[in-house]
Amino acid sequence: MKFTLSWLYDHLETSATLPEICAKLNQIGLEVEGVENRGAAIEPFLTARILEATQHPNADRLQVCRVDAGPGFQDVQVVCGAPNARAGLAVIFAPPGTYVPGLDITIKAGKIRGEASGGMLCSLRELGLGEESNGIAELPDDTLPGQSYADFAGLDDVVIEIAITPNRGDALSVRGIARDLAAAGLGTLRPWLAETVDGTFASPIVWENTYTEACPWVLGRTIRDVKNGPSPEWLRRKLESVGLRSISTLVDITNYFCFDLGRPLHVFDVKKLSGGRLIVCRGEGETFRALDGQDYIVTPDDCVITDANGVQSLAGIMGGEASGADDATTDVFVECALFDAVSIALSARRVGISSDSSYRFERGVDPALPVAALEAATRLIIDLCGGEASEVVSAGAQPEWQRDASLRFKRMQDLGGLDVPAQESVSLLEKLGFEVRDQTDDAVRVSVPSWRNDIAQKPVLAQGADIAPDAAAKAAEGVSQIEAESDLVEEILRLKGLDRVPAVPLPPISVVPGTALTPRQARAARARRILAARGLVETVGFSFVSHEEALRFGGAPDSLRLLNPIASDLDQMRPTPMVNLVSAAQRNSARGWADIGLFEVGPAFSENGQQLVAAGVRVGHTPRYPGQESGAVSLWAAKADALELLTQLGIAPEALSTTTDAPSWYHPGRSGVLRQGPKNILAYFGELHPSLLQAEGIDVPVVGFEVLMDAVADPKRRKKSAPKLSAFQPVRRDFAFVVERDVPAENLLRAVRGADRTLVTNVSLFDVYEGPHVPEGYRSIGVEVTLQPVEKSLTDAELEAVSERIVAAVAKTTGATLR
């Protein structure tokens, strides 16, 4: 909300300075966001008059002017190149030392082509106030020299911008702000009373209201024989100071009352209306061209104003181009209505319009003001445009806005932390417009003023269906009383100054604070650290991807298609973070960074819901080291990444099995699935499918993995005990088994572990061989077995017995023989 000091003074009689006003606004909760003094930059510029203008002796396009710029500059010689410089012209003069914002220079006294020049004659563009011109600015003939141009042009008025919370619709008016400042002791609120304008004829336009849910009350009147045109200087300056463009007197008057009283109005050109009747009703799918020149389709949920020709206004939001007032308008119909805040908000968002009018209706306007506002607008239209007013016509009725609120004085200390005397609390409420209904030593009951829609309103409760109706009604009544009392406490605290409320920390729940993260949240953070430690770089991608990309990664169901995407190529919820990682890999590869590793821990979406996935890719080739050549990234690196993450999350590698049914975006022969049991899938890994890489434009090797974080069970809480460390040296033995090629190596490793669970503490694969000395269709698998004795050292006989048990267990499980 923007307003100027002079506009504030129209409603507030005060001697407070600008810093005092800004400080008080902050204290009462109307936070100052900015203060702009447009005249500060042009304060040094002076009004002046050219006494004489002669041709420069050494330049055809320059003139030597004698200028009177008031005391100290009564006869100054200035060299000027403007074609319109002439004797007797009132101009803008920049003395030496003046900074010219439009040119980014500082004026210095000197000589131009041999002639002395003691300043500069300026155009509005050079002051940063106007557009390009062909000469210097020409001021009115009666301008007196020596005035500050900022004062002369009325640009010395300071503009203040404050932040408005959604509940303070009354502060969206200059009078509402003045009322708060006066109540806070910063002056006196000037009285305002609308002068009644008696109607002299029956209005040719009448109202019909068929949508009272969205518009409970609407008023209007015709004013004929008006003369529209440019607004007077005072009105134009007020609107331009707050960022509004002056359009015409009739339109500017409606904008003036929107900011001055917070009362939106609209004017229709009577001669552009048809049927003699304006109807407030629901839309019916019509196309409507608004005053912004855009076409909108109105729905049955939108409140519109129509005549015999169709929609003429999207009610409370924006008028129609077809019936708007222009310079040829002679008869106008002034609309003043009450619209439901929720209906206006929903319609404004549906059509994508946020106007000054809708902004105020959404936050609530004064339900008792329409009659007075219509009279005031009528008087101003007649004063500025002439004309004759009709009788007022209306439809609907003023809603019942009257309500009371009660305050127990002790609650000021309990809720607000300030001990405010009872009589002072009552006095502060009265200054805000509350009227005392009843008062005792302990409490007061007041009536709420019409302009405070945010106080003592019935709250919207989501009560359980199993609550008895009597209990639900009693609970709702209690909540209403508590809410209203809290509102009054807040009002008193505002006027006392929010900066005076002591800061009190919330009481601690316990001496030792609880955990800030759930175990699953902590696990996601840990996953990021683990993958980063493995040399991968974290990325953060959109949860939205293109429909075509989603199809390459397992499909794109319509249920996950966005109806209103933020961009045309982000119209589908991603099935896996791998989509974003592959795109990032492609962009890096195209820019010369082909050998990278990326990961993301983020959501994946399917028709079954959302799940958290830790995904990573390795792209290109491995680094070169002395004695080691670079090679293409391997699917085993991706498997190692997935296994390390699962291990750190509490899944023992020996509890996992590997199958070859990876999703379609992986290479069908060079990928796998890590499972815990036959049904619980924990991760995918492998090379990405060549067709996918070709579609993405990637011509380097890419391997990846996806760990399904939600499928990893929470670790069991076990009481930790001291580890049992054996005092004896472990024994390591290597075994090589010849086994059929299609037998998974993990089956063999599992058989070795199960041969003797007491002594076998670790089994690792160190060699896979196919070639000479191994039968066709078979391969040799080499494993290292660690035997850890606990009670005594193993004898040779005991070692041989364990080895035999290992060979027998492998042969039984896989059919392998010792090589």
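1. The crossing of helices H5 and H6 is left-handed, a label used when the near helix is turned anticlockwise from the far one by less than a right angle, right-handed being the clockwise case. H5 covers residues 233-241 and H6 residues 249-260, and the two pack at an angle of about 50° with their axes 10 Å apart. That makes H5 oblique to H6; angles under 35 degrees would be roughly parallel, over 145 roughly antiparallel, and 65 to 115 roughly perpendicular, with the rest oblique. Axes here are lines fitted to C-alpha atoms over the stretch in contact, and angles run from 0 to 180 degrees between N-to-C directions. Helices (H or I, at least four residues) and strands (E, at least two) are DSSP runs, numbered from the N terminus.

2. Please keep in mind that this is a predicted model, where local features need pLDDT of at least 70, side-chain atom pairs count only at pLDDT 80 or more, and totals for chains, interfaces and linings use all residues. Residues are numbered from 1 along each chain as its sequence is written, and side-chain values use heavy atoms, leaving out hydrogens and water.

3. Back at the helix pair, Trp234, Leu235, Lys238 and Leu239 of H5 meet Thr249, Asp252, Ile253, Asn255 and Tyr256 of H6, contact meaning heavy atoms within 4.5 Å.

4. Helix H7 (residues 341-351) has Ser343, Ile344, Ala345, Ser347, Ala348 and Val351 as its buried residues. Among the elements covering them are strands S20 (295-297), S21 (303-307) and S22 (310-314), and helix H8 (356-363). At the start of H7, a side-chain oxygen of Asp340 comes to within 3.3 Å of the backbone nitrogen of Val342. Just after H7, Gly352 has a positive phi of about 80°.

5. Leaving aside residues up to four places away in sequence, Ser425 touches Met412, Val420 and Ile492.

6. Ala473 sits in helix H12 (residues 469-496) and is partly exposed, at 46% relative accessibility.

Methods. Buried means under 20% relative accessible area, exposed over 50%, partly exposed in between (1.4 Å probe, protein chains only). A polar contact is a pair of N or O atoms within 3.5 Å; within protein, one must be able to donate a hydrogen and the other to accept it, and residues adjacent in sequence count only if both atoms are side-chain atoms.
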